[in-house]
Amino acid sequence: MASDWRTKIGKVQPFVGKMMGGLSGRSNLAAWAVAGTLAYYLWVKPSQDLRKEQQEKAALAALTNSYKYAEAQKSNVQGSDLGERSKSSNEQ
């Protein structure tokens with residue numbers, strides 16, 4: 001019975017090895033390390049740098065345009081307009 005699970009594992013190992021590109025042992029680990037490093041510097045790091053740069057630009061724009069931002073958020077409706085509207089809605 002103990003040899004039964006060993007033979008199953010023995011059959012799975014070559015399959016996994018072939019799925020990993022046929023590399024085994026230290027060469028397999030080195031290949032994954034190189035692939036991971038390349039992926040990090042080609043895809044992950046540039047996207048992180050871009051996101052950080054966009055956040056810095058947005059923060060700088062918010063600081064330099066704080067008065068414009070506040071004006072853009074103000075309502076254009078004046079007090080006299082509100083009174084006229086409320087009177088007309090009460091009359092109906």
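I started with Y40, which is found in helix α2 (residues 26–64); helices here are DSSP runs of H or I with at least four residues, numbered from the N terminus. The model is predicted, so I note that local features need pLDDT of at least 70 and side-chain atom pairs pLDDT 80 or more, while totals for chains, interfaces and linings use all residues. Residues are numbered from 1 along each chain as its sequence is written, and side-chain values use heavy atoms, without hydrogens and water.

Entry on rings. I searched the whole structure and found one aromatic pair. The ring centres of Y40 and Y41 are 5.0 Å apart and the planes are at 85 degrees, so I logged the pair as edge-to-face (centres within 6.5 Å; planes over 60 degrees apart).

Entry on salt bridges. I counted two in the structure (a side-chain nitrogen of Lys or Arg within 4 Å of a carboxyl oxygen of Asp or Glu). D49 bridges to K45, with the closest N and O atoms 3.5 Å apart. Both lie in helix α2, four residues apart, about one turn. D49 is partly exposed at 39%, and K45 is partly exposed at 28%.

E53 and K57 form a salt bridge at 3.8 Å, N to O. These two are also four residues apart in helix α2, about one helical turn. I noted E53 as partly exposed at 40% and K57 as exposed at 55%.

How values were computed
Rings of Phe, Tyr and Trp (its six-membered ring) pair if their centres lie within 6.5 Å; planes under 30 degrees apart count as stacked, over 60 as edge-to-face and the rest as tilted. Buried means under 20% relative accessible area, exposed over 50%, partly exposed in between (1.4 Å probe, protein chains only).
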